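User: I would like to learn how to read a fold. Please take me through this one step by step.

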Amino acid sequence: MGAKKTEPAAILIRPATTDDSPLLMKAIIGLAAHVGEADGIACTEDDIRRFGFGEKPAFEAVIAEIDGAFAGMCLFFPIFSTWYGRPGVFVQDLFVDQQFRSFGIGERLLRHVARLCRDRGGVYIRLAVDEDNARAHPFYTRLGFAWTKDQRSYIAGGPTFQALSQTTGEPE
């Protein structure tokens, strides 16, 4: 990992709005390309608008800008820990545009989200990192995130989710 560049003076972090849906989509595609999964994105700008903004949003996002240019984003949603008995946030995506990497943008975005979480009564951030994302692992470790070797992440999607969601005759 290279040395941190001199941080620009004017970094603005702000909440994303529905008008930012194209920027969020661009970042999601950029992140997928970075980890070699660009062909796996089914999400659209309309999905971002529909599920991220409105009466009951499924997620929030904050955007970093430098001199008005999109520099990065952090997309997250609330979670709850029965162990802590307190809320937290799950960071789904953290993306910094290639030209702004090593300026401390990712760290600033995470610190901003941590403050939002704390101000809402939250006590933790959880995230998942692609196993092969070699640059991300030391970044999160440097910030104090701990790898949870005692837990394994599972997902049921596509046909598996459809089968799981089918009624089996049990009362609902």
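**Reading helix packing and cores**

Analyst: Helix α1 (residues 21-34) packs against helix α2 (residues 45-52) at about 115 degrees, and their axes lie 9 Å apart. Axes are lines fitted to C-alpha atoms, for helices over the stretch in contact, and angles run from 0 to 180 degrees between N-to-C directions. This is a predicted model: local features need pLDDT of at least 70, side-chain atom pairs count only at pLDDT 80 or more, and totals for chains, interfaces and linings use all residues. Residues are numbered from 1 along each chain as its sequence is written, and side-chain values use heavy atoms, with hydrogens and water left out.

User: Which residues of α1 and α2 meet?

Analyst: Contact means heavy atoms within 4.5 Å. From α1 come S21, P22, L24, M25 and I28; from α2 come E45, I48 and R49. By class, that contact has 5 nonpolar, 1 polar and 2 charged residues. Ala, Val, Leu, Ile, Met, Phe, Trp, Tyr, Cys and Pro count as nonpolar, Asp, Glu, Lys and Arg as charged, and the others, Gly among them, as polar.

User: How many helices and strands does the chain have?

Analyst: Helices (H or I, at least four residues) and strands (E, at least two) are DSSP runs, numbered from the N terminus. Here there are 5 helices and 5 strands. Along the sequence they follow β-α-α-β-β-β-α-β-α-α.

User: What is the largest nonpolar core made of?

Analyst: In soluble globular proteins, nonpolar side chains tend to be buried together. A nonpolar core is a set of buried Ala, Val, Leu, Ile, Met, Phe, Trp, Tyr and Cys residues joined through side-chain atoms within 4.5 Å. Buried means under 20% relative accessible area, exposed over 50%, partly exposed in between (1.4 Å probe, protein chains only). The largest core has 22 residues, and C74, L94, I105 and L109 have the most contacts inside it. β1 (11-15), β2 (60-66), β3 (69-81), β4 (86-96), α3 (105-119) and α4 (136-142) each supply at least two of its residues. The largest share, 5 residues, comes from α3. Apart from this core lies another, of 14 residues, including I28 and M73.

User: What does I105 touch?

Analyst: Leaving out residues up to four places away in sequence, I105 touches I11, A64, I66, A71, V96 and F100.

User: Is E107 buried or exposed?

Analyst: E107 lies in helix α3. Its relative accessible area is 14%, so E107 is buried. Beyond residues up to four places away in sequence, E107 touches F139, R142 and L143.
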